[in-house]
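Thanks for asking me to look over your structure. Please keep it open beside this note as you read.

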Amino acid sequence: MPPAAPPPAPAEEPAARGGWFSRLRAGLSRSTAKLTDSVTSLFKKRRLDEEALEELEETLISADLGVAASRRIVEGFRKTRFGKEVTDEEVKAALAEEIAAILGPVAQPMPLDPARAPHVVLVVGVNGTGKTTTIAKLGQQYGEQGLACAFVAGDTFRAAAVEQLQIWGERTGCRVHAPVKEGADAAGLAFDALKAAREDGTQVLLVDTAGRLHNKSALMEELRKLVRVIRRVDESAPHSVLLVLDATTGQNAIQQAKVFGEMVSVTGLAVTKLDGSAKGGVVVALAQEFGLPVHFVGVGEKAGDLRPFEARDFARGLVGLD
């Protein structure tokens, strides 16, 4: 059976905040409904007493914000609004403030230093989270910024992944370093790609990797070997390790972040598929649990649907506020 065709080529999108915020809010609509429907039913001119706070905490946990973040938010309510009569709209506005306070410290762009020639980005994550399409979107965006970008098809055991990245390379104008045969050594491929990238002036090298968690020890060794080998070319590489997480997995994203944190030094996160999920609150849980920079969020297939993470926009979008 032939591999599934990749999604349509990413198209350039307008950069205006209004257009992006509208798409973000639309993408978060299922997560918003899950959260705010309960909040609205809880607070209709109701005094914020202990019973209400307990119900609010349960609502936040069920909306995938995690236990620690939910308790932190409820404590903020207890300190500033306890005993007061509040409306559902007041609670949503306050929720957005509390969520933004958690997200603010982790909303950081992924730093790129083209002077490194190239800046090596190791892209990791479980198979199916959107690593390959995230690489494609970043490649197109960096190309539009005038940066010379190349891809390494390092998930060498999945022919469909290699083929998909080659198609994206043609569409985005990015060179693709692909294995000569299925199952080729990913570390050797990355080594050769980095040497070639230094010679041809590539400024950003995005390295796809395997994500077969059913054999954790083998995957851990493969990733560590890859890092060891590319450091023979550049001892400071990889300069970024981007973990791609699928929002539809909800709390499983927490476990994935823990596992990949054990395997390799993750420097930042990209959270994809928010538009297909009612579990967007997991971004808050990730921020509270790990404090890792959240570089990007994705709400669609187009290149413009992967954007730098903005704490306030996300918080207000999550609770359904403009």
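Here are my points, starting with how to read the model and ending with a single residue.

1. **Reading the model.** This is a predicted model, in which local features need pLDDT of at least 70 and side-chain atom pairs count only at pLDDT 80 or more, while totals for chains, interfaces and linings use all residues. Residues are numbered from 1 along each chain as its sequence is written, and side-chain values use heavy atoms, leaving out hydrogens and water.

2. **Overall build.** You will find twelve helices and ten strands in the chain. Both are DSSP runs numbered from the N terminus: helices are H or I with at least four residues, strands are E with at least two. Along the principal axes, the C-alpha atoms fill a box of roughly 65 × 45 × 40 Å.

3. **Is the chain compact or extended?** For 322 residues, a compact globule would have a radius of gyration near 20 Å, and the chain agrees with its 21 Å. That radius is taken over C-alpha atoms, and the globule rule is 2.2 Å times the number of residues to the power 0.38. Contacts (heavy atoms within 4.5 Å) tell us about the fold too: among those between residues at least 6 apart in sequence, 79% join residues at least 24 apart.

4. Of the 322 residues, 54% count as buried. Buried means under 20% relative accessible area, exposed means over 50%, and partly exposed lies in between (1.4 Å probe, protein chains only). The accessible surface comes to about 13,600 Å², with 49% belonging to carbon and sulfur atoms; such areas come from the Shrake-Rupley method with a 1.4 Å probe, and for residues only the protein chains shown count as cover.

5. **The cysteines.** How many disulfides does the structure hold? The answer is zero, where a disulfide is a pair of cysteine sulfur atoms within 2.5 Å. Cys149 is buried at a relative accessible area of 8%, and Cys174 is buried with a value of 8%.

6. Leu95 counts as buried because its relative accessibility is 0%. Setting aside neighbours within four places in sequence, Leu95 is in contact with Val39, Leu60, Ile73, Phe77 and Val319. Gln145, by contrast, is 50 residues from Leu95 in sequence and 36 Å away in space, C-alpha to C-alpha.
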